[in-house]
There are 6 protein chains.
Amino acid sequence: MVNKVKAFGEVMMKLNVPGYTKLEQANRLDLSFSGTGVNVLAAMSRFGHSASIITALPDNSVGDAAAAYLRSLGIATDDIQHTGAYMGMYFLENGFDRRASVVTYSNRKESSFCQSSAADYPLEKLLQDTAMLHFCGIGLAVSEQTRELLLTVAKMAKKAGVTVVFDCNYREKLWLSQEEQAKATYEAMLAHTDICFMTERDAISILGMETAATDQKEQLQDLLPSVAKQFGIQTIAGTIRQSQNEKSSIQGFLLQQDRLVFSKPQAFRILERIGGGDGFASGILHGLLSDYSLEDTVEFAAASGALAHMLPGDSPRSSEKEVWRLVTRSEIEMER
Amino acid sequence: MVNKVKAFGEVMMKLNVPGYTKLEQANRLDLSFSGTGVNVLAAMSRFGHSASIITALPDNSVGDAAAAYLRSLGIATDDIQHTGAYMGMYFLENGFDRRASVVTYSNRKESSFCQSSAADYPLEKLLQDTAMLHFCGIGLAVSEQTRELLLTVAKMAKKAGVTVVFDCNYREKLWLSQEEQAKATYEAMLAHTDICFMTERDAISILGMETAATDQKEQLQDLLPSVAKQFGIQTIAGTIRQSQNEKSSIQGFLLQQDRLVFSKPQAFRILERIGGGDGFASGILHGLLSDYSLEDTVEFAAASGALAHMLPGDSPRSSEKEVWRLVTRSEIEMER
Amino acid sequence: MVNKVKAFGEVMMKLNVPGYTKLEQANRLDLSFSGTGVNVLAAMSRFGHSASIITALPDNSVGDAAAAYLRSLGIATDDIQHTGAYMGMYFLENGFDRRASVVTYSNRKESSFCQSSAADYPLEKLLQDTAMLHFCGIGLAVSEQTRELLLTVAKMAKKAGVTVVFDCNYREKLWLSQEEQAKATYEAMLAHTDICFMTERDAISILGMETAATDQKEQLQDLLPSVAKQFGIQTIAGTIRQSQNEKSSIQGFLLQQDRLVFSKPQAFRILERIGGGDGFASGILHGLLSDYSLEDTVEFAAASGALAHMLPGDSPRSSEKEVWRLVTRSEIEMER
Amino acid sequence: MVNKVKAFGEVMMKLNVPGYTKLEQANRLDLSFSGTGVNVLAAMSRFGHSASIITALPDNSVGDAAAAYLRSLGIATDDIQHTGAYMGMYFLENGFDRRASVVTYSNRKESSFCQSSAADYPLEKLLQDTAMLHFCGIGLAVSEQTRELLLTVAKMAKKAGVTVVFDCNYREKLWLSQEEQAKATYEAMLAHTDICFMTERDAISILGMETAATDQKEQLQDLLPSVAKQFGIQTIAGTIRQSQNEKSSIQGFLLQQDRLVFSKPQAFRILERIGGGDGFASGILHGLLSDYSLEDTVEFAAASGALAHMLPGDSPRSSEKEVWRLVTRSEIEMER
Amino acid sequence: MVNKVKAFGEVMMKLNVPGYTKLEQANRLDLSFSGTGVNVLAAMSRFGHSASIITALPDNSVGDAAAAYLRSLGIATDDIQHTGAYMGMYFLENGFDRRASVVTYSNRKESSFCQSSAADYPLEKLLQDTAMLHFCGIGLAVSEQTRELLLTVAKMAKKAGVTVVFDCNYREKLWLSQEEQAKATYEAMLAHTDICFMTERDAISILGMETAATDQKEQLQDLLPSVAKQFGIQTIAGTIRQSQNEKSSIQGFLLQQDRLVFSKPQAFRILERIGGGDGFASGILHGLLSDYSLEDTVEFAAASGALAHMLPGDSPRSSEKEVWRLVTRSEIEMER
Amino acid sequence: MVNKVKAFGEVMMKLNVPGYTKLEQANRLDLSFSGTGVNVLAAMSRFGHSASIITALPDNSVGDAAAAYLRSLGIATDDIQHTGAYMGMYFLENGFDRRASVVTYSNRKESSFCQSSAADYPLEKLLQDTAMLHFCGIGLAVSEQTRELLLTVAKMAKKAGVTVVFDCNYREKLWLSQEEQAKATYEAMLAHTDICFMTERDAISILGMETAATDQKEQLQDLLPSVAKQFGIQTIAGTIRQSQNEKSSIQGFLLQQDRLVFSKPQAFRILERIGGGDGFASGILHGLLSDYSLEDTVEFAAASGALAHMLPGDSPRSSEKEVWRLVTRSEIEMER
């Protein structure tokens, strides 16, 4: 039987200035659609799972375009509700070397999704055939309304026996001088969570946990089991990232029942900044659904995350076979 | 001395689906900036006048891009205020033959301009060097706030001795079941107006005027002098449009001191739907500022409007010489 | 309940030379995927039906790209079998005015679909949830193998209680000096058919029927009921096409139980040559599935066909609302 | 044996603003290379003749790019001399409907070709294997130096037994108030000419000939035999052009030994303004070299000219087969 | 009061082969406009200064396009004179790694600017509102006429109390076997200069100065004060550049009243080769006009130069804020 | 006298996904034509030799496009035979860093060339004016038919006194479990060969030769003279490649009459993966035809190979001057 994986979250329109110019130098923009849930589902679809997004889109050309794009990614669009008037959108100017990228939002809070409430979704029906439901923490920061929305849906999902997946995706900037509220919100969310993506830094900055360890891996070993215990979370996973000159690397970790395993580091040059974490997360979910060993799961996930950084576009599109190939090959073998 | 012509109105971002496809078929969008005031000023700049727009734009990459675009059109951007967070924007899917174009707005009321109030503009200073100030009636329909904004600024301009130009640009759809308010608002605006762009249909539908005439030209002769008298307007101008098969035509009219003159009709195929009226309006303003005869003014304006439909992009870019050439030539003379 | 509409047929890669140049002038090609079944299903999906294609594609990047494209059209790809090595493909150089288009095929008979046999498809399972199954006559002309394939699947579908739809799409050129075989093949296919798309010319040239009538509508009235009777077909539909200068028109006809109704002619300029017949066919199928009256069905279908010619891309993408709008509007109403 | 056809003339760089915008709206230009001789040779190559251009190009990247382009057209580049520093170039802004195209030259007289003299070409060797040599009259108007150059080379070619082809291509604008010199120059050129492309208007305006006839065909019948006689020209050919709404037509004429034959008119919509005359001319040359009858020659030439207007790019690229197909088909027959 | 900064120099059309191909592989060129003065003014405009260019352009489409481009950069075009027929232009083929870029000029000496003389400019009026006037040394090498032009204008500017800025931009290749004349010309120019951009190498190669020091910084310390003294120059600035593997760096220096200060080195990968020096120069000018300390000025300038190398397009477009951000941040901080 | 260099081999259509995306993300493909023989001839043409390809192409638009492309490269197309129906083609998805490129073939064995036999070529005539004929080993692996084809033609060429050039280009993957046949085939080919491109690895893996040496250069010294002797080959050449981080290098070697010389290593970043070996091979051939010393030949060849990797497009396009410049320059010298 196919595992039905869903995500509850926003789909945004991404208007990307081509190349490395500023917006003021451009007379055309590359159009795509993105979102944490979108990215995870796109990858899950490539790995052979049935994927569907639960979200809200306007009932107009813009919403139609988003839906067609999602379908091309392999994401079913039957669960999408048509409410509200706008899509959230952002303009992206790619940075280069030490010149930073610039993101400019439009309709951040006025989007169909951010203006929706739980009542807009026939959740009972939508959750019926759902094995896993994915949430992203960024949505918790947008407004009181979105916090309410996500927590309500997560609670209902948990209650309905759906495996709740939560990617902390904590953005300090968005919670400035709201640290208290951040902590409360994340704690509430974690209480509904079965599988969580986070790092030791999240445990420290959001949850206020403490550790005497200074080494990152020791901190993870020290903190994550406590988090799992405190909130009743079965699985916690995340990545250690490093960057030197033009090369970056991802090393995955995965905790289950007090066992913390690490992947080997996957090194690569970054072509696409966005979606690496989602590539990793989908790798973990795929491993869990496929009954891989913990070791295989985390290796697969790290390679999946690395590949996402080597392919243009936010959404990972590598097949299971391509991911395994990266795990096993040590260098580029090109031939004509 | 150079005549300083300004416009008070919104600058919108236009995201145009290339060719004739639907948005869902596109992976890139053509980016430009548009607006009635923008279009009129672009043309005035080509005709040798000093042009500047008074508007509000967000202080970010998007606002910077708009400003750079306006400057390339020959419009000074020193009078622009940086307030608010968003630009108004719209997606345009070009229709083809009997398949209609589709316009989808984003941030209609949440834009920097529509959220601004008169107090956001140092009007005393901005109006000091202004010979003419242009307003567009579409802004009157957006919200109570924009109505207030436009009427206030028009009143101040009139008081400051600036020639107030008002293009009715009445859109029935936007005033559905608000016809009363439309009438009151337009009447208030006309009371501040020196030069008005309108048709006999505006006089009838907005102002509720009546005429026994059935021929369009007779209706104009019947109604416009009354409008001019009632509101103390010096100049009224507008166009009669016809369309047959692939050919359209513009015939201009111009009323001053009870004298109503007509241009010859200018026939053309439409390449660009938007900006023809603005091309016409700028032709009239240029004629008036250049002390053309009424006849020359209206001929020039009709040709200016026709050329705007034969050049891609909302904003007219034809030089005075090019406009006069269309007035005098009867057919295409191409040679290698 | 959603009606599950499927098609059994080939998906081809279309490599279109942009604009109107020859292939030798181009250094890039526009890539899309096409096919009669694809086009009909794309439209059905827009009309709210569940659509899925049964076909064979190679298990490689090329097949993946085709599948992603189909999904973006709203066509489910779960029924696709991965066999064979190649996709059928063709290069299209657009003609202009009296200069003809040029189509150059590659891998015509070597494609995964044309090399497949009925045994490659788990038909019992695939037909289980199918309300309608669409076939295109072009496939009958490719080879003995494809003839066998289509006839076998149509027979099984009929037997399984699926409504068999057959679009004759007769191409004289492909059957040169095989007229006998064409007749036999089409007769065999029609024997399995419930809904058939054809014209009076098909009845005459393929089936060898005769009529004394000279007027096209009289010929239809004379011949189609006989065809329906002879082969036990419930519904026959098709179009009368005319073309003058730059304007073309489609007039639809529809026969059911000896009642032959005609739509009004829909006139338009052609932007896209391909897919108009498929737009019409899908309109008929939608009308039948929606219990429209015969008159409404054929009006809807003619407008659907006309719109397909006014939108770039082989596959129709107009919504039910857009099609009805064309039926009811008499001219272009554009406004800003 | 293959007929070696050559042209002596300038190759210009064409920088075409894409679409219909003004140069000021563009941030990229389409690059190609063009010239009367280039166009004629490109067509001759398509018709199966060996074609080579004698010209001068700078020995740099720009000259290399021109040569690669010429070769892709099927024109040999071995006869090209590398002298001078610049290519002649022009910017082309496409007009639309009644808005005229704009051509802006750069380096008109400073180009390698226009700065060259006969001594720069090893003519004895270059003419050795030449059956026909083509000249264009535009070059006569550029400067005293180019007049000298063309006349010298034409004289040498004639003397070497090469068939001299001369296309009058008279541009009144370029000879303003130099009509005397124009007459003398053209007379000198015609004295070396074997095959001439001209119209009755050339005979009247350039050569000052007179006729009592008012009908164009009668004028041709009246004037051309005199021209042929006076200058010892064997063959004269040209076109009668008409234009109505969107449709244009070319009717060819051809005079040999006092026999004047006309083709049927070929009607078409214009896609490409440039190169139609060259398409016609090459058709005539091909007919002559292939020993077609006069009637076939002129029919072929008219169709060749018409096709050149229906294909983008200055240079004709239709094959002999495609040209004959236009002669024999009466309407577009498209099928899938 | 806004500081009015102007430049006197040539605007060139840049026709850039996209990507890394040779011109012969391209069928389109990227169009932009460039020049040392243009680049400096574009940056000054971004830093909040009023910027205007004094130059000559042809009065045609090409000149119009250049002007529109300049305005989009924030440079006023009112001071531009319309004389002459051509713009100077160059084709740029981008090199890659060890394969060199190729620049091919067209109309080098025949351009409107290079053919103009001081009398073509209403200098008295143009200099009236000018705080600073920028000159580039490349123009001194083109011809006797341009030398005369620049020296005359610089002299008049100095006399009119304008701060004369001179960027040596010495190109050895252009002065081959004219070293004597180079020395004389540069000395004449330096005599009019208030702010000079140069390096120790310029002092040695052009001016023939000598130093016993071998370290670059010691050479600067040794030579620059002498130059300042000898020619009465208030401010001298320049950069020390280094390059290793893929990383380059700029370190700025600034001399005033015998005080020589250095910035920290700014390291970066080069995206755009051109305009870095102009980014640095504009940073210095901005610091001086803003009464920054010498230290702040040179830090700001080095970051401004570095950013220019990290943004496509010759002309710097970074805001004051963006430049300061680079000064203070040590590494890329990207977040989603 | 010009040396006529020819190649006998396949021309393939290359459909390249732009940038680094997967095929499924693309809606356009970059079109070019490629092949080992094509690449070698393109380079030879740049080096001043007369180059012509002997191959088979379909007589349709696709074949015409290939021929035009070849001509633009400077390769004569007169020797091409028109047989068969298809071109071989492949889709290329560019890899990035550790993500591998993906090549998907279409019509591998069904192409005009691979379906042709020696009898399809008028070889006697085609070889008459041929100095050198180039073969590529990849063709030996496609099918029994192509093996037969290449061996027959090579034999005839050798007999006709043509210098036979053979590039082993051994692809292990294509000969899996056919090692015996590979050995026999290569031995047969080598017996006809005058100039061979191979490495020590080819001698070991294909020919089964053995060496006690472990150092690569020693292995070459040990094995190549034996190969030369055994098969009567006059010249053997090849490259030693290394790669570290982003930098690769080519070091050439060349054996003649037992003298083995090495070039210095040429280091570069790879822009284009394909064609480096062909750049090297053409450098060797040019050196031999130009009577360079062995040392100069191998230096020239290594630089030619390196440049091919720094220019986009499979086919080398560097001039002799550009190659020599790379040999002599030690670093990038860019100037404005």
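**Note on the predicted model: sheets, axes and cores**

1. Helix α2 (residues 61–72) of chain D lies across β2 and β3 of chain D together with β8 (89–93) and β9 of chain E. The helix runs at about 65° to β3(D). Axes here are lines fitted to C-alpha atoms, for helices over the stretch in contact, and angles run from 0 to 180 degrees between N-to-C directions. Helices (H or I, at least four residues) and strands (E, at least two) are DSSP runs, numbered from the N terminus.

2. A word on the basis. This is a predicted model: local features need pLDDT of at least 70, side-chain atom pairs count only at pLDDT 80 or more, and totals for chains, interfaces and linings use all residues. Residues are numbered from 1 along each chain as its sequence is written, while chains are lettered from A and ligands numbered from 1 in the order in which they are written.

3. The sheet under that helix deserves a look. It is open, has 8 strands and shows mixed pairing. The order is β9(D)-β8(D)-β2(D)-β3(D)-β3(E)-β2(E)-β8(E)-β9(E). At the edges stand β9 (102–106) of chain D and β9 (102–106) of chain E, each pairing on one side only. Neighbouring strands are turned by 30° against each other on average, direction ignored. Two strands pair if DSSP finds at least two bridges between them.

4. L15(D) stands opposite L31(D) of β3(D). In a regular strand the side chains alternate between the two faces of the sheet.

5. Now chains A and B. Which residues of chain A and chain B meet, by count? The contact takes 24 residues from chain A and 23 residues from chain B. Two residues are in contact if their C-beta atoms, placed from the backbone, lie within 7 Å. On chain A, the elements giving two or more residues to this side are β3 (28–34), α2 (61–72), β8 (89–93) and β9 (102–106). By class, the side of chain A has 10 nonpolar, 7 polar and 7 charged residues. Ala, Val, Leu, Ile, Met, Phe, Trp, Tyr, Cys and Pro count as nonpolar, Asp, Glu, Lys and Arg as charged, and the others, Gly among them, as polar.

6. Strands also pair between these chains. β3(A) and strand β3 (residues 28–34) of chain B are antiparallel over 3 bridges. D30(A) has R28(B) as its bridge partner in β3(B).

7. What rotation superposes chain A on chain B? A rotation of 180° does, with 0.0 Å of shift along its axis and an RMSD of 0.0 Å. That is the relation of a two-fold axis. In chain A, the C-alpha of L29(A) is nearest the axis, 2.6 Å from it. The same surface serves both copies: 96% of the contact residues of chain A recur in chain B. Copies are superposed by least squares on the C-alpha atoms of residues with pLDDT of at least 70 in both.

8. Chain F can be laid on chain E by a turn of 120° and a shift of 0.0 Å along the axis, with an RMSD of 0.0 Å. The two copies are thus related as by a three-fold rotation axis. In chain F, E246(F) comes closest to the rotation axis, at 5.6 Å (C-alpha). Here 14 residues of chain F are in contact with 16 residues of chain E. The side of chain F divides into 9 nonpolar, 1 polar and 4 charged residues.

9. Chain E has a hairpin. β13(E) and β14(E) form it with 2 residues between them, and N245(E) in the turn has a positive phi of about 50°. Strand β14 (residues 247–256) runs antiparallel to β13(E), over 10 bridges. I240(E) stands opposite Q251(E) in β14(E). Strand β12 (residues 195–197) of chain E joins strand β13 (residues 235–244) in parallel, by 3 bridges. I195(E) is partnered by T235(E).

10. The largest nonpolar core has 210 residues. Those with the most contacts inside it are L41(D), A66(D), L70(D), L41(E), A66(E) and L70(E). Apart from it lies another core, of 208 residues, among them A66(C), L140(C), I195(C) and F300(C). A nonpolar core is a set of buried Ala, Val, Leu, Ile, Met, Phe, Trp, Tyr and Cys residues joined through C-beta atoms within 7 Å. A residue is buried if 20 or more other C-beta atoms lie within 10 Å of its own, exposed if 12 or fewer, and partly exposed in between.
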